[in-house]
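Below is a short report on one protein model. It begins with a single residue and then widens to the sheet, a helix and the nonpolar cores.

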Amino acid sequence: MAVERTGVYPGTFDPITSGHMEVVRRSLRLVDKLVIGPAINISKGPLFSLEERIEIIKDDISDFPQADRERIEVVPFEGLLIHFARKVQASVIIRGLRAVSDFEYEIQMANMNARMEPAIETIFLMASDRHQFIASSLVKDIARLGGDTSQFVSKRVFERLKQKFGRH
């Protein structure tokens with residue numbers, strides 16, 4: 001019997017964007033189980049609380065086919081990613097790349113993780129051209145300044161951003 005391949009897709013997801021969701025969909029083609037790991041990272045000063053981010057992620061995957069939803073788990077983590085990956089018995093860490101500028105940082109992280117745990121591989125998924133420019137920080141800035149973020153996030157996230165910034 002084949003061993004189940006578990007992947008971890010970590011991030012702040014503040015908020016989760018269309019680009020993140022593309023990585024989730026594509027990751028499901030590569031792994032049997034996907035653990036989406038919203039990071040507990042107070043230093044980044046998230047707009048949404050951890051509980052809100054978890055709820056938003058679960059809301060966004062609720063439209064996936066049931067067979068895919070059953071293969072996804074949302075588990076927050078704090079501390080080193082490699083420790084979290086070991087804890088959930090992941091064999092791969094999945095990272096989305098938007099641009100060459102992401103690559104430099106991500107390759108350093110992948111190499112450090114490989115040194116600490118050689119059995120866990122890092123897989124990079126390049127964003128499609130329609131999602132390359134989307135960053136959660138830019139989405140928040142647009143929303144904060146009263147702009148339309150509907151093309152960058154799901155309808156649910158769009159509504160939550162409007163509520164956060166008092167634009168009803």
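Lys140 lies in helix α6; helices (H or I, at least four residues) and strands (E, at least two) are DSSP runs, numbered from the N terminus. This is a predicted model, in which local features need pLDDT of at least 70 and side-chain atom pairs count only at pLDDT 80 or more, while totals for chains, interfaces and linings use all residues. Residues are numbered from 1 along each chain as its sequence is written, and side-chain values use heavy atoms, with hydrogens and water left out.

Is Lys140 buried or exposed? Its relative accessible area is 14%, so Lys140 is buried; buried means under 20% relative accessible area, exposed over 50%, and partly exposed in between (1.4 Å probe, protein chains only). Not counting residues up to four places away in sequence, Lys140 touches Asp14, Pro15, Leu47 and Phe165, where contact means heavy atoms within 4.5 Å. The side chains of Lys140 and Asp14 are joined by a polar contact of 2.8 Å. A polar contact is a pair of N or O atoms within 3.5 Å; within protein, one must be able to donate a hydrogen and the other to accept it, and residues adjacent in sequence count only if both atoms are side-chain atoms.

The sheet is open and has five strands in the order β3-β2-β1-β4-β5, with parallel pairing. Two strands pair if DSSP finds at least two bridges between them. Its edge strands, each pairing on one side only, are listed here.

| Edge strand | Residues |
|---|---|
| β3 | 72-74 |
| β5 | 121-126 |

Strands β1 (residues 6-11) and β2 (residues 33-38) run parallel and are joined by six bridges. Tyr9 stands opposite Ile36 in β2.

Helix α1 (residues 18-27) is largely enclosed by the rest of the structure, because eight of its 10 residues are buried. Among the buried residues of α1 are His20, Met21 and Val24. At the start of α1, a side-chain oxygen of Thr17 comes to within 3.2 Å of the backbone nitrogen of Gly19.

The largest nonpolar core has 31 residues, of which Leu34, Ile36, Ile94 and Leu161 touch the most other members. Such a core is a set of buried Ala, Val, Leu, Ile, Met, Phe, Trp, Tyr and Cys residues joined through side-chain atoms within 4.5 Å. Helix α2 gives the largest share of this core, five residues. A second, separate core of 13 residues includes Ala39, Leu81, Ile82 and Ala90.
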